[in-house]
Amino acid sequence: MLNFQYYNPTNYVFGKGQIEQLGKLVPEGAKVLLAYGGGSIFKNGIHQQVVDALKGYEIIEFGGIEPNPHYETLMKAVEVIKEQNIDFILAVGGGSVIDGVKFISGAVKFEGDPSEILKKRILLTDVSKVIPFGTVLTLPATGSEMNSGAVVTIKSTQEKLAFGGSALFPKFSICDPTVIQSLPKRQLENGVVDAFTHVLEQYLTYPHEGYLQDRIAEGILQTLIEVGPKVVANPTDYALASNFMWSCTMALNGLIQKGVPNDWATHMIGHELTAMYDIDHARTLAIIGPNLYKVMFDTKKQKLAQYGKRIYNLEGTEEEIANAAIAKTVAFFHTMGMDTKLSDYTKDFSNTADFIANRFAERGWKALGERQNVTVEKVKEIVELSY
Ligand code: NZQ
Ligand code: ZN
């Protein structure tokens with residue numbers, strides 16, 4: 001196994017009715033910025049629950065953080081924090097609101113131009129230079145509630161860029177599975193596929209000695225296959241909702257990535273499709289992932305075969321099982337309501353592969369993936385296969 005440090009300071013508060021705990025979790029006397037998205041929290045009663053639980057606190061609200069949050073919007077919140085002397089941020093929303101709050105948290109005290117956090121991917125590791133924040137999760141999917149990474153879009157240049165650092169873990173995250181009841185079907189589907197792909201990014205690499213990490217990863221995949229379609233059909237079922245929510249967190253809270261190789265090329269390419277065509281994050285993964293496994297087949301086939309055997313009980317030669325495992329993955333994505341071709345989302349795709357490959361080359365991203373063998377040429381091939 002590779003050496004690792006596993007640091008995760010987020011206080012994860014799980015279960016029905018737990019939003020009530022807010023008054024004990026937000027530091028006493030703090031002036032709070034309540035950050036939210038497009039307003040779903042007003043319709044489903046979560047805003048009311050939050051405000052009730054924060055009686056006695058001074059709260060300033062900041063709404064309008066959009067899906068795939070924009071740098072331009074987040075900088076407005078940075079100004080509010082400076083003007084109002086805010087000392088704690090509460091993110092109430094899905095991955096976009098939480099990621100947005102991570103950026104706001106780091107940008108307020110950043111010395112220099114905060115867009116450099118994104119463009120130069122500056123690691124934020126000094127807790128004294130960020131505004132502390134907690135979250136109330138409303139959409140299980142990204143794992144952002146228990147990790148220190150985030151993705152923000154610079155609207156003016158159409159770039160969706162990842163950043164992070166150990167100072168950006170939420171102080172706490174309240175994860176009440178009943179919040180999923182108001183989610184549109186499309187977002188439930190997205191959540192399952194995003195979490196599923198997070199596991200694959202950390203699992204479908206090459207054989208290694210992290211046996212326990214593999215078994216935990218396989219447990220999350222099996223749980224998502226078991227509960228995914230059912231939770232979309234029946235989001236009021238508490239057992240389904242709670243297993244879905246916990247699986248999504250466990251898929252990207254750092255545990256299964258420690259001591260093992262990691263890929264993440266599907267995500268890096270997928271972010272470009274969102275930046276270009278505004279396709280939902282999870283759907284970009286359903287488009288790119290299976291084609292990446294095909295193009296990188298030679299170096300991924302051993303893990304693909306392990307996945308095929310252990311998850312789908314497939315039989316045959318290593319190559320047969322590995323190929324069938326890719327087909328099974330696509331079939332699962334279809335079951336989860338995903339279209340898996342770029343042409344299902346846009347008719348104007350002919351330049352996409354060249355555009356993305358050039359952009360990666362300009363950024364100096366010579367190679368991605370667990371073996372650093374997803375070269376710019378391979379990226380082009382993967383995207384072309386995805387048309
Ligand atoms: O904005 P509101 O009105 O709240 O509506 C949202 C939004 O329209 C709605 N929604 C959320 N909770 C709801 C609800 N509607 C009804 N009831 C509820 N309980 O759902 C829509 C989508 O929300 P969003 O936050 O954008 O979705 P998601 O959680 O999938 O987040 C996606 C973003 O996270 C990033 C993605 O790239 C994307 O920008 N990711 C973050 C990661 C991380 N920090 O670790 C990892 C991921 O790989 C991903 O890249
Ligand atoms: Zn993702």
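These legends go with several close-up views of a predicted model.

**View 1. The protein chain is divided into two domains.**
Let's start with the overall layout: domain 1 covers 11-178, and domain 2 covers 184-385. Between the C-alpha centres of domain 1 and domain 2 there are 26 Å. The contact draws on 25 residues of domain 1 and 24 residues of domain 2.

**View 2. Domain 1 and domain 2 bury area between them.**
The size of an interface is often given as the accessible area lost when the parts come together. For domain 1 and domain 2, the buried area is about 2,100 Å². Carbon and sulfur atoms give 60% of that area.

**View 3. A salt bridge links Glu159 and Arg363.**
Look for the closest N and O atoms of Glu159 and Arg363, which are 3.4 Å apart. Between domain 1 and domain 2 the count is one salt bridge. The two domains also have eight residue pairs in polar contact.

**View 4. Here is the side of domain 1 that touches domain 2.**
Strand 1 (11-14) and strand 7 (159-164) each supply at least two residues of this side. The largest share, three residues, comes from strand 7. Sorted by class, this side of domain 1 has eleven nonpolar, eight polar and six charged residues.

Terms used: Residues are numbered from 1 along each chain as its sequence is written. Chains are lettered from A and ligands numbered from 1 in the order in which they are written. This is a predicted model: local features need pLDDT of at least 70, side-chain atom pairs count only at pLDDT 80 or more; totals for chains, interfaces and linings use all residues. Side-chain values use heavy atoms; hydrogens and water are left out. Domain bounds come from an automatic or database domain assignment. Contact means heavy atoms within 4.5 Å. Buried area is the accessible area (1.4 Å probe) that two parts lose on being put together, summed over both. A salt bridge is a side-chain nitrogen of Lys or Arg within 4 Å of a carboxyl oxygen of Asp or Glu. A polar contact is a pair of N or O atoms within 3.5 Å; within protein, one must be able to donate a hydrogen and the other to accept it, and residues adjacent in sequence count only if both atoms are side-chain atoms. Helices (H or I, at least four residues) and strands (E, at least two) are DSSP runs, numbered from the N terminus. Ala, Val, Leu, Ile, Met, Phe, Trp, Tyr, Cys and Pro count as nonpolar, Asp, Glu, Lys and Arg as charged, and the others, Gly among them, as polar.
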